[in-house]
Amino acid sequence: ELGMCYRFGKGVEEDPETSAGWFKKAALAGVPDGMLRYGVCLALGYGVEKDLKAAADMYQMAGDRGEALGYVNLSTYYMNGIGVDQDEEKAVELARKGADMGSSEAHRLLGIYYWNGQGVEKNMEVSAKHFIDAAEMGNPACMDHVGWLYMKGKGVEKDFDQAFMWYQRSAACGSDYARIQLGECYLKGYGTEQDIERGLELVKEGAEAENDFAMFLYGECLER
């Protein structure tokens, strides 16, 4: 708790060194969350000298003691050769451990690995399943992607109703991308009753924010 207070300046002045010191104490006391957070400090050089190998060790310890995000972070290290020798199969193994522990981020990583064929044979259906699992667990970034998967029929059967539903859920979490996609759904009647006025409102928002796709859709509407 004290580490977080000094990290974000809650009730005290923000102090990176003091924050990292409290996280280190928690890590040495065997607290998994402390191991994870001290690992992040080491990875970023926040309050301590940057040490990616030591960060990897902390992530491993955190994961072994039940902190799924330790395995998630370490998985990305093995996939990219950060602080450890690159080992794509090890990265997948760690992501699976995190997923078995209930981490939506671990499912998101597995979705990426299967999509790209990193450390596993490329498989769009398995990839989609992991993205859907992550989205159902409340991962906002995956809600966007699952909406796109259903819209395009990638790894799943094309289903505009599902696409619309996932874009709605993602937009409710604050996704500007999802709001633009909802705009297209309303304009074209994908997964919902066609509503040109609502669709124009949403794509205009995106166009004013200089989103290329939104500007394209809005331009199309103005030309009609």
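Helices here are DSSP runs of H or I with at least four residues, strands are runs of E with at least two, and both are numbered from the N terminus. By that rule the protein chain has 13 helices and 0 strands. Read from the N terminus, its elements run α-α-α-α-α-α-α-α-α-α-α-α-α. Keep in mind that this is a predicted model.

Start with the overall dimensions. The C-alpha trace spans about 65 × 45 × 25 Å along its principal axes. Of the 224 residues in the chain, 40% are buried. Residues 24 or more positions apart account for 37% of them.

The surface comes next. The protein chain exposes about 11800 Å². Carbon and sulfur atoms supply 47% of that area. The chain carries 23 positive and 38 negative charges.

Now zoom in on one helix, α12, which covers residues 196–208. How does its span compare with what 1.5 Å a residue should give? The expected span is 1.5 Å times one less than the number of residues. For the 13 residues of α12 that should come to 18 Å, and the end C-alpha atoms are 18 Å apart, so the two agree.

Which residues of α12 are buried? They are Gly 199, Leu 202, Val 203, Gly 206 and Ala 207. Viewed down the axis of α12, the buried residues fall within an arc of 140 degrees, so they line one face of the helix. Glu 197 and Glu 208 are exposed on the other side of α12. Past the helix comes Glu 210, and its phi is positive, near 65 degrees.

What does Thr 192 touch, leaving aside residues up to four places away in sequence? Its partners are Phe 164, Cys 185 and Tyr 186. Leu 42 is 150 residues from Thr 192 along the chain, and their C-alpha atoms are separated by 48 Å.

How values were computed
Residues are numbered from 1 along each chain as its sequence is written. This is a predicted model: local features need pLDDT of at least 70, side-chain atom pairs count only at pLDDT 80 or more; totals for chains, interfaces and linings use all residues. Side-chain values use heavy atoms; hydrogens and water are left out. Buried means under 20% relative accessible area, exposed over 50%, partly exposed in between (1.4 Å probe, protein chains only). Contact means heavy atoms within 4.5 Å. Accessible areas come from the Shrake-Rupley method with a 1.4 Å probe; for residues, only the protein chains shown count as cover. Lys and Arg count as positive and Asp and Glu as negative; His and the chain ends are not counted. The place of a charge is taken as NZ of Lys, CZ of Arg, CG of Asp or CD of Glu. The arc is that of the directions from the helix axis to the C-beta atoms.
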